[in-house]
Amino acid sequence: MRDSTVASPPDFGRLEEHRAELTAYCYRMLGSPFDAEDAVQDAFMRAWRSRDRFEGRAAMRSWLYRIATNVCLDMLKGKERRARPMDLRAACEPVEANLNIPAAPRWIEPIPDSMTSPEGDPAEVTVARESVRLALIAALQQLPARQRAALILRDVLRWEASEVAELLDASVASVNSALQRARATLARSNLRSTDPPPPLSDADRALLERYVVAFQRYDFKGLTSLIREDATQSMPPYDMWLQGRDDIFAWWLGPGIACRGSRVMPSVGANGSPAFGQYKPSPSGGFDPWALQVLEVSAGRIAELTFFLDTARLFPLFGLPARLDS
């Protein structure tokens, strides 16, 4: 961690400067932008209430991370871990009977890139966008909370082991042990906490523009050239997920046929990936919100499509209109 400045009580008026990076940290811990916002606000309140006990021996940033970590650990106590559909069951056949909303799981929720990317130093922006891909956030949720914190602080934010040990009230040896176990768990998922999302090329952006046109036209010849044969699709809060382009298209032409004629609106990116608001034709005219589509692009094709259906909460978060007129 590269933060050696010493703060004093007057700096408490500048808490807002730390919001973006703390939100990104809390999101990695909690898997929900709404929980992350609550955690950061709680951390700021705790910091303000205890400002008379802040003696400036540690940097303000480090002290806020300590408070935010404790808030996250408190929030995680006794709660089911957040997950994605593919974490819970095998891929399904594309039939309506497989639609199921389980009672227990709490789903990974997408976060706008604008909430986690501080303005200024490009290196800090890059760090902020690393380790927020949906698959990686889901993998982090498999870790015990303190292992999760140790991994994020050491591998993503590059804190020294001694700094993490001080924050967690632990020994350096126990932090290193927790880190090894956390890395081993991620390795079993073929993921690393330091893997950044691949940047979109001009060709990728052109691919996405063609996808929007093809999806709105329900042009399956065009879509076939854009979506990988082994692509996956999921639709939280349903636990059903599909493996393979043929099954995805079977769904779109079968139980999902009401999506024909949808309008798709580009949105701010989600989790380092392109995102779009999808609006289905309304029987009363115009278009009603249906899903936030988050797409993963790999090797020049779309490899994963996640349709988040909780539009009542997600569309305002992503700055998308409540509905579209004809």
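Two strands pair if DSSP finds at least two bridges between them. By that rule, β6 and strand β7 (residues 287-298) run antiparallel, joined by seven bridges. Strands here are DSSP runs of E with at least two residues, helices are runs of H or I with at least four, and both are numbered from the N terminus. This is a predicted model: local features need pLDDT of at least 70, side-chain atom pairs count only at pLDDT 80 or more, and totals for chains, interfaces and linings use all residues. Residues are numbered from 1 along each chain as its sequence is written, and side-chain values use heavy atoms, with hydrogens and water left out.

**Whole chain**

- The protein chain holds 13 helices and eight strands.
- Of its 326 residues, 52% count as buried. Buried means under 20% relative accessible area, exposed means over 50%, and partly exposed lies in between (1.4 Å probe, protein chains only).
- Take the contacts in the chain with a separation of 6 or more: residues 24 or more positions apart account for 69% of them. A contact is a pair of heavy atoms within 4.5 Å.
- Average pLDDT, the predictor's confidence in each residue from 0 to 100, is 89 for the protein chain. A score of at least 70 is reached by 87% of the residues.
- Residues 1-10 stay under 50 in pLDDT. The model has 18 contacts for them beyond four places in sequence.

**The six-stranded sheet**

- The sheet is open, with strand order β4-β3-β8-β7-β6-β5 and mixed pairing.
- β4 (241-243) and β5 are the edge strands, each pairing on one side only.
- From one strand to the next, the twist averages 25°. Axes are lines fitted to C-alpha atoms, for helices over the stretch in contact, and angles run from 0 to 180 degrees between N-to-C directions.
- β3 and β8 run parallel, joined by four bridges. Q233 has L305 in β8 as its bridge partner.
- β3 and β4 run antiparallel over three bridges. T232 is partnered by Q243 in β4.
- Six residues lie between β3 and β4, which form a hairpin.

**Strand β6 and its neighbours**

- β6 spans residues 275-281, and six of its seven residues are buried.
- On one side, strand β5 (residues 263-266) pairs with β6 in the antiparallel sense over four bridges. P266 stands opposite F276, and V264 has Q278 as its bridge partner.
- Toward β7, A275 is partnered by V294.
- β6 and β7 form a hairpin with five residues between them. In that turn, G285 has a positive phi of about 100°.

- S273 sits in the loop between β5 and β6.
- S273 is buried, at a relative accessible area of 8%.
- Leaving out residues up to four places away in sequence, S273 touches D113, V294, L295 and E296.
- S273 and L295 are 22 residues apart along the chain, yet their C-alpha atoms are separated by 6.2 Å.

**Helices across the sheet**

- Helix α10 (residues 202-217) lies across β5, β6, β7 and β8 (301-308). It runs at about 145° to β7.
- Helix α12 (residues 245-253) lies across β3 (227-234), β4 and β8, at about 55° to β3.
- The buried residues of α12 are R245, I248, F249, W251 and W252. They cover an arc of only 155° around the axis, which puts them on the same side of α12. The arc is that of the directions from the helix axis to the C-beta atoms.
- Their cover includes α10, α11 (220-224), β3, β4 and β8.

**Helix α9**

- Helix α9 (residues 172-188) has 17 residues. From first C-alpha to last it reaches 25 Å, close to the 24 Å expected at 1.5 Å a residue. That expected span is 1.5 Å times one less than the number of residues.
- V175, A178, L179, A182, T185 and L186 are the buried residues of α9. Seen down the axis, they fall within an arc of 125°, so they line one face of the helix.
- That buried set packs against α6 (134-140), α7 (145-156) and α8 (161-168).
- A173, Q180 and R188 are exposed on the other side of α9.
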